[in-house]
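Colleague: I would like to learn how to read strands and nonpolar cores in a model, going from the general idea to the particular case. Could we work through one together?

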Amino acid sequence: MIERTNFKRVNPHPEGKNVGDCVKRACVLASGINYHDIAIMLNRFRKETGAKKFNSDDNWRQFIIKVLHGCDLGNMQYVNHGHRYKVYEFASYYKGKAILQCANHVVMVDGEGHYLDSWDSGEKSIYKAYAITPFYEAIVEHIRKNYPKLCKGLTLERHKQRITL
């Protein structure tokens, strides 16, 4: 498969590992908050949702909407002349940060025409999309004000982006 020009290979895992952590990767890249703090907050948030795993659909969806202050853009079914948008198509036209849900995967769109992931997921069909504020400071302020238990003991410092070439 040919890598698309609007794909950026990015892996925010602190050790550069390629593991099944797409929810964490997308949340880190969209929010700007470091990987460690996102991982802890996702696990702590399970108490609120009653989820067994941090990456269960209900847990991470509510985390994006409530904690990262995301906006559900709705179901992406049949919105592109009878078929679902692909990740690369959505990234090329959407002018804002977003987290996209695909089959067994979550990926981030940067609002500048690119999708960021540790592998080229551009051909995946989108099921749902969540708009994310582009302002790191606003996200951190929202979390500190509304979810003090989630961020207790965490710095919520900015993630230093690791790009894998």
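Predicted model: local features only at pLDDT ≥ 70, side-chain atom pairs only at ≥ 80, totals over all residues.

Colleague: In which sense do strand E3 (residues 97-102) and E4 pair?

Modeller: The sense is antiparallel, over five bridges, and one place to look is Gln101, whose bridge partner in E4 is Val106. E3 and E4 form a hairpin with two residues between them, and Asn104 in that turn has a positive phi of about 55°.

Colleague: How many bridges join E4 to strand E5 (residues 115-117)?

Modeller: Two bridges join these antiparallel strands, with Val109 standing opposite Tyr115 in E5. E4 and E5 form a hairpin with five residues between them, where Gly111 in the turn has a positive phi of about 85°.

Colleague: Which residues have the most contacts inside the largest nonpolar core?

Modeller: They are Ile33, Met41, Phe63 and Ile143, in a core of 35 residues. Among the elements that give two or more residues to this core are helix H1 (22-31), E4 and helix H5 (136-146), and the largest share, seven residues, comes from H1. Leaving aside neighbours within four places in sequence, Phe63 is in contact with residues including Cys27, Met41 and Phe45. A second, separate core of 15 residues includes Tyr85, Val87, Val109 and Ala129.

Methods
Residues numbered from 1 in each chain as written. Heavy atoms only, no water. Pairing = 2+ DSSP bridges. Helix = DSSP H or I, 4+ residues; strand = E, 2+ residues; numbered from the N terminus. Core = buried A, V, L, I, M, F, W, Y, C linked by side-chain atoms within 4.5 Å. Buried < 20%, exposed > 50% of the residue type's maximum accessible area, 1.4 Å probe, protein only. Contact = heavy atoms within 4.5 Å.
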